Amino acid sequence: MKTALKITAFAAAVAATFGTAYGVGSTVTPVTAGKQHGEPTGHGGQGGQDDHGDHGGHGGMAGKEAAVPGGLQISERGYTLALKTPRIAAAGERTELSFAITKDDTGRKVTAYRTEHGKQLHLIVASRDLTVYRHLHPVRAADGTWTTPVELPKAGGYRVFADFAPQSEKEGLTLGADLSVAGKYAPQDLPAPSATAEAGDGYEVRLSGKPTAGSASELTLSVSRNGKPVTDLQPYLGSYGHLVALRSGDLAYLHVHPNEGGPGPEVSFTATAPSTGTYRLFLDFKHNGTVRTAEFTVQAGRSGSDHSEGHGH
């Protein structure tokens, strides 16, 4: 299997972060299909350049570490996530979410971005209890204002993550802001760790392995439908799998994305957890023209630990 790309964006305080590389069986093949509207596959589309880029949420440059994990700050390196819709009136209602990325103290809106994973900006919305997840692709107006429709199913607190790379910067970053939905709020417990996740219409994803704090471990995702392996996954945003990881408690964010992979049924990645504890993984994959999400709760244990902190069965 091709050596996994290790992601190192998390702060020195949390030591390391998740990292990924995907493969199928013993071979790894580049994704060349699935480009949309001429957008490049991979990260940034620069020939000869590592397409994983240098996002604050993606991991930064090797040997460099950000001050804090991605998504925990509303402002970083002179950029601010200006969320114009910080409150939604009611759960279950379709609402237009509006925001801008501003630069410096002038409030000037950023209008020039690099294309990352087929889009100029990725927007993630997750509930504070990590039981609601949305991966959105907003539209940018000429003045730099981004908008997207969103429908959130329950009241309570949410976190909005903007994952982007300004055209003028060598490194991308991930900013986060709070969002609230009015109504009676009843927080839910995280689902128990499990080796399998349902993705609707007979799709099931099985996760083997678990992350460990401070050391790399291999996780393998196997997609099936009605008990039969899916061997013809379709590229989505330039790859066969797309992963967002959030740490329970502070919602430290990591958006990871492979450059290479295969059409299934197995997709593998290597992960290094920044700390022991609970993490929520959201895997997007595409099959028969539909994007589906498999959600997992995982427990990151200590390296060399023999006790079972991993997935329940």
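Student: How do the residues lining the second largest cavity divide into nonpolar, polar and charged?
Tutor: Seven are nonpolar, one is polar and none is charged. Keep in mind that this is a predicted model.
Student: Which residues line the second largest cavity?
Tutor: Leu221, Val223, Leu233, Tyr240, Gly241, Val267, Leu283 and Phe285. Two elements, strand E16 (217–225) and strand E22 (277–287), each give two or more residues to that lining.
Student: What volume does the second largest cavity have?
Tutor: About 40 Å³. The count is three cavities of 30 Å³ or more.
Student: Switching topic. How many helices and strands are in the chain?
Tutor: Zero helices and 23 strands. Of the 313 residues, 50% are buried.
Student: And salt bridges, how many?
Tutor: Nine. In one of them, aspartate 178 meets arginine 128 at 2.7 Å, N to O. That pair links distant parts of the chain, 50 residues apart. Aspartate 178 sits in strand E12 (residues 173–181), and arginine 128 in the loop between strands E7 (121–127) and E8 (133–136).
Student: Which arginine in strand E11 also pairs with aspartate 178?
Tutor: Arginine 159, 19 residues apart from aspartate 178. The distance is 2.9 Å, N to O. Shared partners join Arg128, Arg159 and Asp178 into one network.
Student: Is arginine 159 buried or exposed?
Tutor: Buried, because its relative accessible area is 9%, under the 20% cut-off. Aspartate 178 is partly exposed at 47%, and arginine 128 is partly exposed at 32%.

How values were computed. Residues are numbered from 1 along each chain as its sequence is written. This is a predicted model: local features need pLDDT of at least 70, side-chain atom pairs count only at pLDDT 80 or more; totals for chains, interfaces and linings use all residues. Side-chain values use heavy atoms; hydrogens and water are left out. On a 1 Å grid over the protein atoms alone, a cavity is a set of points where a 1.4 Å probe fits but cannot get out, and a pocket is an open set with protein on both sides within 12 Å along at least five of seven lines; lining residues have an atom within 4 Å of a point. Grid points are joined across faces, edges and corners, and a volume is the space filled by probe spheres set on the points. Helices (H or I, at least four residues) and strands (E, at least two) are DSSP runs, numbered from the N terminus. Ala, Val, Leu, Ile, Met, Phe, Trp, Tyr, Cys and Pro count as nonpolar, Asp, Glu, Lys and Arg as charged, and the others, Gly among them, as polar. Buried means under 20% relative accessible area, exposed over 50%, partly exposed in between (1.4 Å probe, protein chains only). A salt bridge is a side-chain nitrogen of Lys or Arg within 4 Å of a carboxyl oxygen of Asp or Glu.
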